[in-house]
Every structure is written in structure tokens, then in C-alpha cells.
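Keep the structure open while you read.

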Amino acid sequence: MVERPRASTRPPARASRRLAVAVVAAVAIAGCVAERSPGEVSPRSARAVDARVAGVRALGLPLATTTATAFDLALPATAAEPVRLTDATGAVSVAFTIRGARGVAPVRAVARAPAAEVRVYPGAIAGADLVHAPLEDGVEDLVFFDAPPASSELTYELGVGGVAGLRLVGGNLEMLDALGAPRLRLAEPFLIDRDGRRHAARLRVDGCAIDRDEAPPWGRPITAPGAVVCRVVVAWGEGVAFPAVLDPAWTVSSAAFAARYAHTMTTLPSGQLLVTGGYYDAECSTCGAGPLASADLFDPATRTWAAAGGLPVSRVGHAAALLPSGLVALFGGGGSSRPEVFTGSGFRRSEASMAAQPVDLTATTLPSGKVLVAGGRDGAPLATALLFDDLADTFSAAGGGAMTVARARHTATRLPSGRVLVAGGSGAGGALASAEVYDPVADTFTATPAPMSHARSGHVAALLADGRVLLAGGETASAEIYDPATGAFTVVGSMASARAAATAVVLESGRVMVAGGSVDGTAVGAVEIYDPVRRAFAPQPSLALARHSHTAARLATGEVFVVGGRLPSGRSVRNPEIWSPGASGSACSVADDCRSGACQGGACCAGPCDGACKTCVAGTGACVAVVSTDDPDSCTGADTCDAAGACKKKNGQACGAAAQCASGHCVDGWCCDRACGGQCEACDVAGHAGRCIPVVGESHGARPRCAGGGTTCGGSCNGSGVTACAFPSAVTTCGTACATGKLSVSTCDGRGACVPDRSQACPGNFACSDEASCRTDCTTDRECASGYRCEGVELSACAPIALCDGSVVTKGTEVVDCAPYACEQSGACRTTCASVADCAEAKVCSRDGLCVDAPPPTASGCAVRGPRDDAGRAFPAVLLVLAVLGVGRGRLGVGRARLGVAPGRRRP
């Protein structure tokens with residue numbers, strides 16, 4: 001609830017640096033009265049410095065708590081030298097000094113620990129001390145007058161070589177960069193006299209061109225100073241009771257103009273924010289607290305403030321509505337019954353008038369462009385309902401001129417249908433649970449079929465993406481949803497604590513941020529986000545400052561801009577802050593951590609990043625595919641992301657097709673780490689499924705077997721390589737064959753084949769027993785090899801049938817002469833020779849294995865010349881001797897045939 005503001009024809013134009021404690025200031029000033037010569041420090045200088053520091057402390061200035069600032073400040077070695085101030089961007093820089101200041105060195109002191117040094121220049125100006133007090137956003141330039149000065153004005157020499165343009169609006173001198181953004185500011189000065197009264201001072205700029213247009217300065221033509229040095233005159237009127245202190249402040253324009261609460265903030269079509277009115281609570285009850293008539297603009301792109309001109313009257317607890325034309329209309333606030341309209345270049349006052357000057361009312365723009373102004377409090381809650389038409393500049397009754405219930409501190413939410421839900425508030429008997437809907441077509445107010453589940457006053461309302469309305473808080477922690485389709489309220493999740501005078505902002509994700517507020521009368525900075533899907537609240541990092549009765553708006557960047565409010569101490573807040581639920585690319589744990597409501601892979605996404613194997617890039621928030629690894633959010637366990645970013649089975653999982661596997665290989669019924677098509681490798685080896693490894697034994701699946709597999713000489717995999725088949729060695733017998741008394745033996749060739757190795761007559765000259773073996777005995781001649789007959793005592797041996805005598809074979813009555821070769825005992829004739837023994841009598845064996853005639857002998861005395869061959873070469877002498885002697889198989893001595901013994905036959 002906003003206290004009714006005190007009347008003020010010229011309310012304060014600045015906030016905390018406009019404070020003064022009359023008694024303390026008077027003591028500080030009085031303690032410094034002393035006669036002194038130019039440049040001379042009074043003998044009471046220590047007391048003087050203490051008094052000045054006490055005066056600075058009494059003003060409640062936002063003194064710097066550290067020397068590390070977002071701007072560059074250089075204080076001078078003497079009062080005659082300039083102070084140099086440069087903004088954080090380095091785009092704008094100024095140097096200023098007071099004309100006529102003496103070259104007095106400063107005495108340094110600390111006004112509040114921990115704080116940057118305050119510099120006191122005793123007697124720097126005739127009859128006055130100069131104090132430079134570093135602030136969190138600039139420097140306060142205080143002049144303590146012990147007695148009325150000779151002139152009621154003070155002149156600064158302002159160096160503007162580092163300034164693109166100057167703008168003087170609302171008593172504030174703004175220093176612009178090349179794009180028209182105010183970067184530095186000389187705020188509207190004032191004096192506090194010995195009685196604690198505030199006296200406004202005026203700024204005048206001489207020697208430089210200035211812009212006085214109240215239109216926003218960003219992006220429009222700049223008025224260049226046209227000089228390097230300007231004269232800035234600070235002038236005041238009569239009625240100042242001296243001693244007094246003059247308070248000009250040089251600050252950066254990223255700081256707000258004023259501390260305030262119960263104000264309004266409206267987002268313009270340009271994206272800039274208009275802040276109007278409000279109330280300023282000083283550090284003490286006599287320090288100039290009161291309603292404000294100032295209006296300021298904030299530009300999110302440059303993060304700078306500019307003066308928007310003054311309101312015709314101060315307003316606190318008023319309502320603002322953005323018109324279809326882009327203008328902003330202000331209603332109520334206790335200052336006037338007539339609306340004011342921000343035109344973009346200042347404010348114009350409407351001629352239309354309400355019957356009262358209510359506070360805590362609502363203003364809702366309808367589809368027609370008219371504004372529904374409802375309820376509020378003017379001593380007591382009002383049921384008044386009016387329609388404001390800006391084009392006609394008139395008020396008319398809405399719904400007969402009254403709601404169904406008188407209410408203040410309620411909410412009014414325009415529904416997608418164009419109707420307006422008016423809910424809760426404070427009535428004659430306290431907080432209300434009632435709600436009603438205004439239909440602009442029928443021009444009627446109709447109570448909802450059932451009231452809210454809880455009475456609410458000073459609560460928040462937010463229109464959700466699906467057209468329903470969230471209502472939360474208002475001296476309760478509960479929340480509920482209004483459904484326009486049914487007209488019913490449904491209880492949803494509850495906040496951590498009951499709070500009122502908070503703000504609700506719909507984020508880009510569709511979630512609702514509820515921030516700050518008052519819990520049992522004390523400001524809090526708590527932030528909770530409502531998720532319409534989960535129908536629950538989740539805590540988030542708190543605001544930097546606990547505050548209630550503030551304003552908040554979502555910027556185009558998705559961040560939330562928070563302005564003003566009241567601290568737990570009750571003082572108004574000057575410092576705005578930007579709260580972010582997580583910019584794209586920032587770290588997150590859950591969706592509520594992110595502006596977009598999308599958290600993937602521990603990073604906030606720029607937008608929805610749905611589906612398996614999707615994640616966001618830290619730092620940028622870009623949604624990209626997860627490849628060749630697990631995606632903890634959607635694809636893990638037995639699955640993983642493949643090289644194309646699709647969720648597939650991991651190696652070692654059963655499969656039916658390669659498309660099911662992240663590796664792209666389905667082998668032997670398992671997702672495999674490679675193609676695994678080698679003859680002696682497989683992916684289904686027990687204990688190693690999914691890994692392609694060498695196998696031992698038979699090849700797996702449909703792979704080709706090793707050569708001759710399954711036979712005596714056949715191979716098998718030996719487990720040492722892709723095609724490592726092992727085969728029996730060549731000494732391994734793989735089979736025998738018997739035919740016509742000849743036994744053939746086959747051996748392995750070491751490559752899987754069984755090949756014939758050698759052939760020989762059956763042992764004992766037996767015939768074959770079968771196709772693979774020889775007999776070992778006989779009973780008939782048929783059981784002996786050809787040329788042999790079965791004989792012996794027991795008829796168990798095979799003896800030759802034919803008689804061989806040299807070269808003559810006798811087979812029964814048949815006689816065969818094998819000449820020129822000798823015969824074999826089997827009765828066969830030789831066909832080649834290896835020596836003379838293989839030849840018939842008188843024949844010799846030639847070098848090419850033929851039996852030939854021996855060459856005739858040649859004698860010459862005792863010398864014997866051996867025979868020669870056809871080429872004329874002499875036969876070796878030994879062969880000639882052997883031939884003459886008749887040495888040869890069966891030729892040594894007398895042949896057995898001539899002794900009457902048949903070869904191979906035993907005597908009976």
C-alpha cells in the first residue's frame with residue numbers, strides 16, 4: 001500500500017544525493033567558520049575537515065566502497081586543477097574545475113569505512129571549502145559556504161573535447177557519445193541551507209551549443225558543442241539561509257536518476273523503458289523525502305539513462321497504460337485527477353478529469369484503444385470504472401460506471417478475447433477473494449462463477465501463453481490459475497513464503513518470474529519461477545537487493561530489468577539491476593535456470609533443443625547434435641549417439657540390422673566395433689560380445705571354413721589373426737590306396753590337401769586285400785602279386801613265378817630275352833640302366849641310361865686304349881674291365897640256372 005504523498009509544487013528531481021540532515025549540516029558548517037587568507041588553511045583546519053566529512057556523511061551519499069569502478073575518475077592535486085571523468089566505454093570524457101578556485105592542496109579523509117577517500121580543499125573558493133567525494137557512479141562536487149557568497153552563482157570551466165554533444169533537459173546536463181547515448185551527466189544541483197531546506201539550483205551553459213529537445217536522444221542527430229571548453233553556470237535564487245552546501249553531482253549515465261518506489265515503468269515500442277513518478281524516502285524524516293515529478297528513459301541497447309522531462313505534477317501509486325499510438329497515459333497517483341500523456345517529447349496534460357485522485361488503481365488498454373481505469377483508493381476503496389479515450393480526450397463510464405465490488409491494490413489482466421479479469425485487492429473489510437470480468441463489447445462487469453481460492457491484495461497476475469492467468473501471493477504463498485474457458489480458478493503450486501508487492505514477468509520460455517516483495521512487512525529479494533507444465537514454483541538466485549513496491553520488465557534480450565523499490569530499512573532504492581535466469585550458453589542444471597527454458601548438456605539453449613542426441617554449446621547456446629558419445633539427457637545406458645547424432649545401440653547389444661547400431665556394424669547378431677568379416681574373427685565370442693576378436697576352431701557364422709575343414713588334412717582357426725588357419729604338417733598320413741599289388745600312401749601337404757606321396761609293391765609280394773590295404777598271407781595264387789604264386793609249407797608266401805637268368809626270362813614254356821637289358825626277378829624286363837649290371841651280357845650302360853654295345857678294345861704294346869663313344873670320348877677303364885670280366889647281376893661265377901637251381905625256389 002502506498003502512503004498518500006505530500007503536496008509538492010516542485011518535488012525533488014534526484015534521489016539519495018539530495019539528502020540532508022539540517023541539524024548535522026548546520027553543525028558541520030558552523031564548525032568551519034573562520035577568517036582565512038587566500039590559500040591559507042585555518043588553524044582550525046583539522047576541525048574543519050572533520051566537520052566537512054560529517055556533513056558529507058549527513059547527506060547520505062552513495063559513497064564509493066572501493067577504488068575499483070566501472071569508470072575512470074582522477075581527482076586533482078589542487079583545487080585549481082580539473083577533475084577528469086571518463087565513462088566505462090571510454091567514449092566520453094570531460095574535465096571540469098570551478099572558475100576562480102585556488103591552488104589549495106587537499107586534506108584527505110574517510111567519510112565512511114570502507115570507502116574511497118574524500119578530499120577536502122580548505123578555502124579553495126572565497127568563503128567556502130570544496131569537497132570531492134567519490135561515489136559508486138561518479139563524484140560529488142560539494143561546496144560548503146560559511147557565509148553568503150558575493151554572487152549567487154558558481155561557474156565551472158567544462159572541457160568537452162571528448163564529448164560528441166550536450167543535452168540539457170529537466171535540469172540535467174547530459175554528455176553524449178557519437179551515437180547520441182548519454183554517457184556522463186551533471187545532475188540537477190541543489191542547496192541545503194542551515195535550516196535543512198532544499199533550494200533548487202539552475203544550470204546554464206554558455207559558450208557551447210546544447211540540445212534542449214525532450215525527445216529520447218538515442219539515434220537522432222546530435223548537437224555538437226562547437227567549442228572545446230564550455231562555461232556551466234550553477235545559479236540559485238534568494239531565500240537561502242547560510243551557512244549552506246551546494247551539491248552538484250557528476251555521474252555516469254548508467255546510473256538511474258532517482259531512488260523511488262510505487263512508480264510505473266512502461267516498455268515503449270522502441271524497446272526503451274519509461275519510468276515515471278514514485279516516492280523517495282530519505283535516510284531520515286527531515287531529509288527531503290517526498291513524491292517525485294520526474295520521468296526518465298532507459299535504453300537497454302546502450303544501458304544508459306536520459307531525462308524525459310518533468311511531469312506537471314508528482315504521482316505515487318499511479319497507473320500507466322501504453323496506448324496503440326505508442327504514447328503512455330498516466331492516471332491517478334494522488335497528484336491530480338487529470339491524466340498526463342507522454343508524447344515521446346515530453347508530457348501533455350489531458351483536459352479530461354476523474355472525480356477523484358485515486359492511488360493503487362489499474363489502467364488496462366482495450367482492443368479498441370480505450371483504457372479501462374478501475375478502482376483504487378481515495379481514502380476508501382473505490383468501485384469506480386471509467387473508459388479513457390485519448391483521441392477524444394474524454395472519460396466515460398465503463399459497465400455503468402462501477403465494478404461489482406470496490407477494490408484497490410487489485411490486478412487487471414487483459415485476456416486474449418479482449419475481456420479483462422479484475423481480481424482480488426483490498427476492499428472495505430480487507431483482502432478480497434472476489435473476481436469479475438469486464439466485457440468491452442457488452443460493457444458489463446460480471447462476477448466469476450466462483451471466487452478465488454484465497455483472498456489476495458497486492459498480489460501479482462501474469463497472462464500465460466495458453467491464455468490462462470496465474471495469480472500468486474498477496475499476503476499468501478498460494479497460487480492459482482484462472483481459465484477463461486470455464487471461468488474457474490484452480491489451485492496450483494505454492495511459493496516458498498507469503499509475499500505482497502512483488503513483480504511477475506513472463507519469460508521467453510513462457511515461465512513466470514516472481515521477484516522481490518514484502519514478507520511480513522520486510523523487503524525480500526527472493527526469486528521463484530513458475531513452470532506452467534509442472535504447475536510448480538522453483539527457487540532461483542535472488543535479486544542483488546531486497547526490495548518491494550518496485551517494477552520489472554522483460555528486455556528484448558530476455559533479461560529482466562528491475563527498477564526502484566523499498567529496502568528492508570524503508571529507504572527507496574536507486575540502483576536498478578538486470579536479473580537473468582541464464583543467458584544463452586550459460587551454465588544450468590534445470591530448465592528454470594535458463595531464459596529460454598531449455599537446458600541441455602549443462603548449458604542454456606538459445607531456443608528449444610528437443611530430441612535425442614541434442615545439446616547446447618556452452619558460451620553460445622547453439623543447439624547442436626551430440627555425436628559419437630552418450631547424451632546424458634536423452635541417450636545413455638545401452639544406447640549412445642552415433643556419428644550422425646542419432647541415438648543407437650552400443651556395441652555388445654543384440655541387433656538385427658546395422659542401422660540399429662551406433663557403430664553401423666551388426667555382426668553375428670551383435671552391435672560390433674568394426675565390420676569384422678575376416679575368416680577367423682567374430683563378434684560373438686563368449687565374454688567378448690561386441691568386440692571383433694580372432695577365434696579358435698571353426699569359423700563363425702557364414703564365414704568360409706579353412707581349406708579342407710573337417711578332414712584329416714583340413715585346417716581350423718588358431719586365434720592369432722584375421723585369416724590364421726592352422727593345418728596338419730606334411731608328415732601326417734591322410735590315406736592309402738591299393739591296386740594291382742601296388743600300395744600308394746598319401747600325406748597332408750600342410751595347406752589342407754591330401755596328396756599321394758609314394759607307391760610300392762605290397763610287402764611279401766601279396767595282392768591287395770581291398771582298395772586301401774595289402775594282404776599279409778595267401779592261400780591261392782590270386783592272393784599274390786602278378787608274377788608270384790602262393791607256395792610254401794603252409795602256402796602263406798608269394799614266390800616269383802618267372803625265372804630270370806641275365807637277360808633271359810623263362811615263364812613256364814615261354815622264354816623272353818630282355819636284351820640288351822637284364823631281367824628282374826619278377827620276370828619283368830628292365831627298360832633303363834643305372835649300371836652295367838642292368839644290361840645284358842656284353843652290353844654296357846651309357847651315361848643316358850641305355851644299354852649299348854661295348855666299344856672294341858685297342859691295344860698298342862702294353863698300353864690298352866679303351867673304347868670311345870660316338871663322340872670319340874674314351875670309356876672309363878674300369879667299365880671296360882668290368883665288361884670283359886662279365887661282372888654283373890647273375891654273372892659272377894657260374895649262373896644258378898646252369899647249376900640246375902631255379903631262382904627263388906627252395907629245394908624240397
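Which residues does L166 touch, not counting residues up to four places away in sequence? They are V160, L173, E174, M175, C208, A209, I210, D211, T223, P225 and C230. Touching here means heavy atoms within 4.5 Å.

The model is predicted: local features need pLDDT of at least 70, side-chain atom pairs count only at pLDDT 80 or more, and totals for chains, interfaces and linings use all residues. Residues are numbered from 1 along each chain as its sequence is written, and side-chain values use heavy atoms, with hydrogens and water left out.

**Disulfides**
- A search of the whole structure finds 23 disulfides, defined as cysteine sulfur atoms within 2.5 Å.
- C594 and C604 form one, with sulfurs 2.1 Å apart. Its angle about the S-S bond is -85°, left-handed.
- C672 and C683 form another, with sulfurs 1.7 Å apart. This link is right-handed, at 85°.
- C676 and C692 pair with sulfurs 2.0 Å apart. Their link is right-handed, at 85°.

**Burial of the cysteines**
- C594 and C604 are both buried, meaning under 20% relative accessible area (1.4 Å probe, protein chains only).
- C672 is buried at 0%, and C683 is buried at 0%.
- C676 is buried at 3%, and C692 is buried at 8%.

How values were computed
Buried < 20%, exposed > 50% of the residue type's maximum accessible area, 1.4 Å probe, protein only.
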